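Please keep the sequence and the coordinates to hand while reading.

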Amino acid sequence: LRRDDFSIEQMAELIRKGSRVHLAKGITLIESNRLEDFHKGQELLKLLMPYTGRSIRIGITGVPGAGKSTFIEKLGTYLCQMGKKVAVLAIDPSSTVTHGSILGDKTRMEQLSKEPNAFIRPSPSAGTLGGVHRKTRESILLCEAAGYEIIFVETVGVGQNEVHVRTMVDMFLLLTITGAGDELQGIKKGIVELADGVIVTKADGENRKLAIKTKNEYNQFLKFIRPNTDLWEPKAFTCSSLTGEGIEEIWAFIEQFNHHLQENHLFHEQRKKQLKDWLLSSITERLRQSFFEHEEIKEKLPSIIEQVTEGEVPVSTAVEKMLSLYRK
Ligand code: GDP
């Protein structure tokens with residue numbers, strides 16, 4: 001990124017006018033692990049904040065191979081052709097741990113990427129300054145300021161990850177495939193409870209019948225869980241991203257959900273809650289970092305661990321001792 005090409009003010013202006021090139025550059029600032037870029041990214045965000053907030057943010061989760069990218073490509077293309085602006089951001093938890101990427105290494109969404117109304121961004125890599133989730137949240141804001149009305153946040157389902165993503169989106173969809181008939185035994189109830197809808201993918205050819213059966217089983221199951229969104233009844237669907245069957249119906253469902261949030265004044269309430277979660281988790285993260293980077297803590301921690309594990313000092317006493325070192 002050549003930093004001297006334009007000022008942050010110009011960049012903000014160009015992003016608002018819909019320049020995808022500048023949106024991409026803006027996100028690169030946000031994602032950078034250099035302190036100087038971080039500050040520029042924050043400056044950019046501040047300028048764009050007044051123009052954020054007008055989108056529906058949709059989290060899409062599912063195991064690798066569930067059909068997430070193919071689904072987003074199909075639905076996204078459908079929406080772009082309706083004249084809507086669609087952004088796709090990805091969160092790949094593996095990049096946090098291994099710096100590898102489950103999501104990044106495929107040729108992704110080729111058709112959608114040709115749509116002038118689409119913006120696709122692969123997952124950020126980890127690093128300092130708040131990590132992957134901060135980067136995605138701020139990228140969402142930039143996309144909103146650039147006028148994207150529908151923002152998909154795609155994530156691989158690995159448990160903890162969905163919980164994070166749930167706190168940054170308005171609607172959460174779980175994609176699942178049919179298996180040998182015992183699908184529902186294998187699903188993690190906790191993840192289904194986060195979902196506003198379940199989509200059984202690849203409902204085409206020989207698989208179509210089984211997919212419908214799985215959908216019905218999910219619908220049964222969904223009746224008994226406590227919905228994540230107030231007064232909303234999650235539903236299951238089938239869909240084929242090859243034939244397009246189910247895509248229209250799923251979009252109608254998403255719109256219905258959006259109306260539900262708006263009519264019941266849940267939209268702003270949820271977004272406020274998202275911001276509060278973000279603030280509190282950022283504070284926790286920063287404190288954790290600064291605690292473990294504290295010189296005296298770093299120096300004394302090994303011996304304190306030793307004392308605790310040898311049974312010489314109770315855990316709570318050790319904690320108090322460490323905290324008083326930290327507060328000094
Ligand atoms: P992801 O890992 O969840 O993003 O899954 P992909 O979208 O990459 O899909 C995994 C595989 O399933 C790919 O080989 C796709 O071509 C295939 N696939 C995805 N959607 C469908 C579908 O609707 N029907 C069929 N038959 N295959 C599909």
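The second largest cavity holds about 30 Å³ of space, where a cavity is a set of points, on a 1 Å grid over the protein atoms alone, at which a 1.4 Å probe fits but cannot get out, and a volume is the space filled by probe spheres set on the points, which are joined across faces, edges and corners. The model is predicted, with local features needing pLDDT of at least 70 and side-chain atom pairs counting only at pLDDT 80 or more, while totals for chains, interfaces and linings use all residues. Residues are numbered from 1 along each chain as its sequence is written, and side-chain values use heavy atoms, with hydrogens and water left out.

**Cavities**

- The second largest cavity is lined by Ala 203, Arg 208, Ile 212, Thr 238, Cys 239, Ser 240 and Glu 245, lining residues being those with an atom within 4 Å of a point.
- By class, that lining has three nonpolar, two polar and two charged residues, where Ala, Val, Leu, Ile, Met, Phe, Trp, Tyr, Cys and Pro count as nonpolar, Asp, Glu, Lys and Arg as charged, and the others, Gly among them, as polar.
- The largest cavity contains about 40 Å³ of space, and its lining includes Ile 27, Glu 31, Arg 121 and Lys 135.
- Helix 7 provides the largest share of the lining of the largest cavity, three residues, helices being DSSP runs of H or I with at least four residues, numbered from the N terminus.

**Second largest pocket**

- The second largest pocket has a volume of about 340 Å³, a pocket being an open set with protein on both sides within 12 Å along at least five of seven lines.
- Among its 14 lining residues, Arg 166, Asn 228, Gln 270, Lys 273 and Asp 277 lie nearest its centre.

**Ligand surroundings**

- An N or O atom in the side chain of Asp 204 is 2.6 Å from a nitrogen atom of the ligand.
- On the backbone side, a polar atom of Gly 65 is 2.8 Å from an oxygen atom of the ligand, and an N or O atom of Gly 67 lies 2.9 Å from a ligand oxygen atom.

Conventions
A polar contact is a pair of N or O atoms within 3.5 Å; within protein, one must be able to donate a hydrogen and the other to accept it, and residues adjacent in sequence count only if both atoms are side-chain atoms. Helices (H or I, at least four residues) and strands (E, at least two) are DSSP runs, numbered from the N terminus.
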